[in-house]
Amino acid sequence: MEDANFIVKFLDWLMTFDRKALILAASAIGAGMAMIAGIGPGIGQGYAAGKGAEAVSINPKASKQATLVMLLGAAVAETSGILALVVSLILLFGNPIVTQEGAVIILVASALGAGISMIAGIGPGIGQGYAAGKGTEATGRRPEYQSNIIRAMFLGQAVAQTTGIYALIISLVLMFANPLVKLL
Amino acid sequence: MLGYTWDIQVKIVKYTLIIMILIAAAAFMSFQEPRPFIYALIFGTLISILNFRNLALTLEKAVTMNPGHAQVYTSSKYFIRFFINAVVIFVCIKANYLNVLGAVLGLFTIKFVIIGTNLFTILFSKRIFKRKEEE
């Protein structure tokens with residue numbers, strides 16, 4: 001029965017590789033996974049810019065205020081992308097997992113998990129971009145309330161960023177202070 | 001032409017440079033070998049300022065386009081800035097004379113300044129307790 005089990009066969013095959021090679025391979029996949037988060041701010045900023053263009057076309061007199069709100073909102077929306085970059089590049093060029101002691105399968109899974117965790121960055125990226133877009137739209141309609149709109153927008157964006165920071169914390173814990181290795 | 005968000009850009013860059021100097025001074029006093037951290041901090045901060053300027057130019061142009069084109073144009077420019085950030089972090093990880101933590105802090109300083117200058121004033125302002133009708 002065990003011979004027919006694909007998962008057991010796959011794990012046996014994995015264990016034929018060198019320990020370091022396995023961790024590096026997992027890190028490569030993890031680094032690639034982390035970069036998926038880069039999509040989020042791209043979509044978010046694009047949405048904000050689209051809304052900005054709409055707002056200016058509806059109310060050209062408010063173009064200055066609308067662009068200002070969009071600039072500030074879009075700048076904050078980039079944050080998750082940079083966080084993902086940091087994790088991805090640490091996995092590629094400053095990998096702390098290779099030198100760690102412990103069961104190889106846990107270290108491999110941790111390297112993968114550190115990367116996969118950062119996919120959460122898509123959420124804040126899109127959400128903050130959406131907030132920036134709506135803030136810009138609102139400013140286009142009611143430019144006299146610009147400062148209130150900016151505050152509401154940043155409050156929303158700061159809250160939206162928290163999930164991205166949680167993802168970063170889990171990713172850094174898996175890389176630098178892995179609690180799972182000690183449990184075995 | 002400086003663009004109509006020039007004033008806010010100058011204000012944010014000014015605050016960012018002040019925060020950078022404060023962090024650099026703190027690092028100078030607390031680290032035994034502060035130079036890699038400070039160099040990386042300056043490098044990261046300057047690149048983030050240039051990225052912010054690029055974002056401003058991009059958005060000022062995007063608002064003159066139709067919404068569909070503006071989305072594509074802004075997203076493509078975002079990926080260029082994303083690549084520039086990747087190069088900065090890569091260089092700081094590879095180079096021994098630059099501390100990656102300093103660079104990451106430098107890249108984020110401008111975000112903290114943007115949120116800080118706009119959001120945290122709300123905490124010190126009594127205006128939020130006022131009703132709209134009273135204004």
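Two residues are in contact here if their C-beta atoms, placed from the backbone, lie within 7 Å. The model shown in these views is predicted.

**View 1. Chain B as a whole.**
Chain B has 5 helices and 0 strands. Read from the N terminus, its elements run α-α-α-α-α. The chain holds 135 residues, and buried residues make up 36% of them. Take the contacts in chain B between residues at least 6 apart in sequence: 68% of these join residues at least 24 apart.

**View 2. The side of chain B that touches chain A.**
Here 36 residues of chain B are in contact with 36 residues of chain A. Three helices of chain B each supply at least two residues of the touching side: helix 2 (35–62), helix 3 (67–94) and helix 4 (100–119). Which helix of chain B gives the most to this side? Helix 3 of chain B does, with 15 residues. By class, the residues on the side of chain B that touches chain A divide into 26 nonpolar, 7 polar and 3 charged.

**View 3. Helix 1 against helix 4 in chain B.**
Two packed helices are described by the angle between their axes and the distance between the axes. In chain B, helix 1 (residues 6–30) packs with helix 4 at an angle of about 125°. Their axes are 9 Å apart. The crossing of the two helices is right-handed.

**View 4. The residues between helix 1 and helix 4 of chain B.**
Helix 1 of chain B makes the contact through Ile12(B), Tyr15(B), Thr16(B), Ile19(B), Met20(B) and Ile23(B). From helix 4 of chain B come Leu105(B), Gly106(B), Thr109(B), Ile110(B), Val113(B), Ile114(B) and Thr117(B). How many residues of this contact are nonpolar, polar or charged? The contact has 9 nonpolar, 4 polar and no charged residues.

**View 5. Glu101(A) in its loop.**
Now turn to chain A. Glu101(A) is found in the loop between helix 5 (79–93) and helix 6 (104–117) of chain A. Is Glu101(A) buried or exposed? Glu101(A) is exposed, because 6 other C-beta atoms lie within 10 Å, and a residue with 12 or fewer counts as exposed. Glu101(A) and Lys182(A) are 81 residues apart in sequence. In space, the two are 9.6 Å apart, C-alpha to C-alpha.

Methods: Residues numbered from 1 in each chain as written. Chains lettered and ligands numbered in written order. Predicted model: local features only at pLDDT ≥ 70, side-chain atom pairs only at ≥ 80, totals over all residues. Helix = DSSP H or I, 4+ residues; strand = E, 2+ residues; numbered from the N terminus. Buried ≥ 20, exposed ≤ 12 C-beta atoms within 10 Å, placed from the backbone. Nonpolar A, V, L, I, M, F, W, Y, C, P; charged D, E, K, R; others polar. Axes fitted to C-alpha atoms, helices over the stretch in contact; angles between N-to-C directions. Left-handed = near helix turned anticlockwise from the far one by under 90°.
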